[in-house]
Amino acid sequence: LKHTVKARLTTDGYAEGILRGDRIILGQAITLIESNLSGDRLLASDLIEKIIGYTGNSIRIGITGVPGVGKSTFIEAFGKHITSFGKKVAVLTVDPSSKLSKGSILGDKTRMETLAKNPMVFIRPSAAGNKLGGVAAGTRDAMLLCEAAGYEVIIIETVGVGQSETTVKSMVDFFLLLMLAGAGDELQGIKKGIMEMADAIAITKADGHNLEQAYKAQTEYQHALRLSSVSKSGWEPIVLLSSAITDLGMEKIWNAILEFRNKTEDSGYFSSNRKDQDVTCLHEYFNMLLNSDHERFTNLQQAVKRMEDKVTGKNISPRAAAQKLLEDYHRAIRESTD
Ligand SMILES: Nc1nc2c(ncn2[C@@H]2O[C@H](COP(=O)(O)OP(=O)(O)OP(=O)(O)O)[C@@H](O)[C@H]2O)c(=O)[nH]1
Ligand SMILES: [Mg+2]
C-alpha cells in the first residue's frame, strides 16, 4: 500500500484527497506545488484552480521574531491552546535563506513534539518555494491547500531577519511579533518598520526571574506603539506577555486575535485587506511571468549577450539597448505565433 500512496496522483486525486482532509495527500500536494519541474508546475496550477473555491475560511496568523526568541516553542504552546477548542491548526514556515539547515528541522521537530503528534495539527517545517514564485508563492499556495483541507487556523512562522516579515505580512490577517525583554531593539535586530507592522507583540519567556523584566518591557513597548500612527485596520496593537513554560498569555493572545477578527470583519477591513492582498499577489505573479517569459526564446538570449558586449564597448547606451531587446522580444513572439 505504501507504494501506491507514493505514485503520482491526478490533480482530481489530489483535490479530492485534500478536501477529504487526507494529511498524506496534503503533504504530497505541497511537495508538488514546490516542484520546479515545468510539468509539475502545470499540475500545481491546475490543482490550485480546483481547490480555490474551498479556501479562505481560516484566520491567517504570521509569527515573527529573531532567532532564539522562542517562536517554535511558542507555537507548540499556542497550538495546543487553540486545538483545545477543537480547531484544526496548520503551521507553515517561511525560511528566508531557503536552505533550511538539518539542525533547524530537527530542532523544530523536538520543540513542536507534542504538537506534531496532534491529529488536529499539520506542520510543514519549510516551504522551500518554487523558483518561479519564490518562497512567498510556495507558502501562499501551501496555505490555500491547508485551508481547503479544513484547517481553520493557519500559522506562518518566519525568522525576523531580512525581507521575510514583509512577505509574510502580505499574506496574513494578523501579525504577531515576538520579542525578548531586556534586549535592546538593535540587539534584537528588529527594525522599527517591523514593530509597526505588528498587530500584537508578545514578550516571550516571561517566567521565572525573567518575569519582572518582561512586565517592564511590556510597559515600554506599549508606550512606543502608542506613539506610532494608527494602522489602516483601525486596530490598536497590544503588548502581552507569554511563556511556553507556564502557558502565560496563550489565552489572552488567542482572544486578542478573535477580537481583531470580529472588529475588522465588522469594519470591513478584514475582507478588504484580503482583497488587497489578492490584487498584490496577482501583480506579483504577472510580473514574474513577464520577467521569465523571454527565456523561452534562445535567439533572444543570444541577442542579450551581444547587447551586453555592445553596452560595455560603449556602442550603445543601456537604455537604447533595452528598448531594442524589447523589440526583438516582440518580434520573436510574433514569429512564434505565425
Ligand atoms: N524560559 C523559557 N524559555 C523558553 C521559552 N520559549 C522558548 N524558550 C527557550 O528558548 C530557546 C529558543 O526557542 P525556539 O522556540 O527554538 O526559538 P525560535 O525563535 O523558534 O528560534 P529559531 O527557529 O532558531 O529562529 C529554547 O532553548 C527554548 O527552550 C519560554 O517561554 N520560557
Ligand atoms: Mg524556530
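Ser 72 lies in helix 5, which covers residues 71-83. The model is a predicted one. Ser 72 is buried, because its relative accessible area is 8% and the cut-off for burial is under 20%. The side chain of Ser 72 makes a polar contact of 3.3 Å with the side chain of Glu 157.

Helix 5 as a whole is mostly covered. Of its 13 residues, 11 are buried. From first to last C-alpha, helix 5 reaches 18 Å. This is close to the 18 Å expected at 1.5 Å a residue.

Strand 4 spans residues 153-159 and contains Ile 154. Ile 154 has a relative accessible area of 0%, so it is buried. Its C-alpha lies 4.9 Å from that of Ala 90. In sequence, Ile 154 and Ala 90 are 64 residues apart.

Helix 11 runs over residues 211-227. Its 17 residues should span 24 Å at 1.5 Å a residue. The end C-alpha atoms are 25 Å apart, which agrees with that expectation. Five names make up the buried list for helix 11: Ala 214, Ala 217, Tyr 221, Gln 222 and Leu 225. Viewed down the axis of helix 11, the buried residues fall within an arc of 135°, so they line one face of the helix. The other side of helix 11 carries exposed residues. These are Glu 212, Lys 216, Thr 219, Glu 220, His 223, Arg 226 and Leu 227.

Helix 11 also contributes to a pocket. The second largest pocket has a volume of about 580 Å³. Its lining comprises 29 residues. Nearest the centre of this pocket lie Lys 169, Glu 196, Ser 231, Lys 232 and Tyr 269. Helix 13 supplies the largest share, with 5 residues. By residue class, the lining of the second largest pocket divides into 12 nonpolar, 9 polar and 8 charged residues.

Two loop residues were examined for backbone geometry. Most residues other than glycine have a negative phi. Asp 247 is not a glycine, yet its phi is positive, at about 70°. Asp 247 sits in the loop between strand 7 (238-241) and helix 12 (250-267). Its relative accessibility is 38%, so Asp 247 counts as partly exposed. Lys 314 likewise has a positive phi, of about 60°, although it is not a glycine. The loop that holds Lys 314 runs between helix 14 (298-312) and helix 15 (318-337). Lys 314 has a relative accessibility of 75% and therefore counts as exposed, the cut-off being over 50%.

Terms used:
Residues are numbered from 1 along each chain as its sequence is written. Chains are lettered from A and ligands numbered from 1 in the order in which they are written. This is a predicted model: local features need pLDDT of at least 70, side-chain atom pairs count only at pLDDT 80 or more; totals for chains, interfaces and linings use all residues. Side-chain values use heavy atoms; hydrogens and water are left out. Helices (H or I, at least four residues) and strands (E, at least two) are DSSP runs, numbered from the N terminus. The expected span of a helix is 1.5 Å times one less than its number of residues. Buried means under 20% relative accessible area, exposed over 50%, partly exposed in between (1.4 Å probe, protein chains only). The arc is that of the directions from the helix axis to the C-beta atoms. On a 1 Å grid over the protein atoms alone, a cavity is a set of points where a 1.4 Å probe fits but cannot get out, and a pocket is an open set with protein on both sides within 12 Å along at least five of seven lines; lining residues have an atom within 4 Å of a point. Grid points are joined across faces, edges and corners, and a volume is the space filled by probe spheres set on the points. Ala, Val, Leu, Ile, Met, Phe, Trp, Tyr, Cys and Pro count as nonpolar, Asp, Glu, Lys and Arg as charged, and the others, Gly among them, as polar. A polar contact is a pair of N or O atoms within 3.5 Å; within protein, one must be able to donate a hydrogen and the other to accept it, and residues adjacent in sequence count only if both atoms are side-chain atoms.
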